[in-house]
Amino acid sequence: MRKPLVTTAVALLFTATLVPTTASAGSTTPTTSTANCYVNASSVTASGDHNNLAVVSTMPPKATSGALGRGAFAPGQVKVMATMSILIDQGPDGSEYDVYGYVIIGDALYQAAYGAHDGTVSNPPAGLRRIGGGWGNFTMVEEAEYQGPTQAGISRWTVYGLRSDGVLFRWNVSSKGVWSRTGSAPGFAAVKSMSLVSKTATYDTFVANTRGGALYTIHLPVSAPMKPVVKQVRTRTWQGFETLITQQCGVYGSLLLGIDKDTDSAYLYAVGRYTGVSTVIQSMGKVPATMPDNVYAGLKDPGSPKHAE
């Protein structure tokens, strides 16, 4: 039996609560309250270790690092990684957990999975289930799982991939793991990084930065044909980030972590509800940690092993 990852089991990985303060929960303006939310940046090192950096939304930010899986991958193996999921196994001390998610290796997409105990992989390296080929030119892969408010609610499992020529692809994945392509859209060649901001039964929304420095939201209704709705949030200064990672904070707000590989640094922002150019974005400051790895992605606690197989 599995249950969601809890803070007592891996204190180095999760150092704050996801529950926002009263101020942030009832307002579209980001709060500056200390330690009310956090965002995780998991990474694969050059030697193949899978690590995590938990960044807490104090001002300035605080950060704590820890090993998720030492030797989880072969050195230099992973090119692109989606947001990873982590589940803790039922046990006496809660220190054993499973990690899984999509990675691009060579020209193929795989679902990677491994079990670990306090950062030590049980049977290294990670198990790899091949999804398909033709992924060598993709710069982003991300999944959006939506479950309705009740067991009878609408549920879906959607995967997105951005190819280097600027074409954004979408697939639906059935409960049996069967992939069906449900659309594509050109015009995103200028995008450097995308991160999933929100998902509902009828749409997914990403935030993306461009090489020219602009920041946009990309709203993707799940209906066919695939017709993205793009809104500008900022016109300049965002070109320095190679990776964006987001985490919900409060009812309307979120945290946005920007990672700059030229300087191996990261900056944290508190963002109100995305409303185009009127969106409130507050800089929380530079993260007190170096970001030396080439592959970064978010880390989530899905609360259910529904797609862990």
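1. The model is predicted: local features need pLDDT of at least 70, side-chain atom pairs count only at pLDDT 80 or more, and totals for chains, interfaces and linings use all residues. Residues are numbered from 1 along each chain as its sequence is written, and side-chain values use heavy atoms, without hydrogens and water.

2. Across the whole structure, 11 aromatic pairs are found (rings of Phe, Tyr and Trp, the last by its six-membered ring, with centres within 6.5 Å; planes under 30 degrees apart are stacked, over 60 edge-to-face, the rest tilted). The W135 and F138 ring centres lie 4.4 Å apart with planes at 35°, so this pair is tilted. W135 and F138 are both buried.

3. The pair of F138 and F169 is also tilted, because the ring centres are 5.7 Å apart and the planes at 45°. This pair joins distant parts of the chain, 31 residues apart: F138 belongs to strand β11 (138-147) and F169 to strand β13 (168-173) (strands are DSSP E runs of at least two residues, numbered from the N terminus). One aromatic cluster comprises Y102, W135, F138, F169, W171 and W179.

4. The largest nonpolar core contains 23 residues (buried Ala, Val, Leu, Ile, Met, Phe, Trp, Tyr and Cys joined through side-chain atoms within 4.5 Å). Its largest share, five residues, is supplied by β8. A second, separate core has 17 residues, including V39 and L255.

Note on methods:
Buried means under 20% relative accessible area, exposed over 50%, partly exposed in between (1.4 Å probe, protein chains only). Helices (H or I, at least four residues) and strands (E, at least two) are DSSP runs, numbered from the N terminus.
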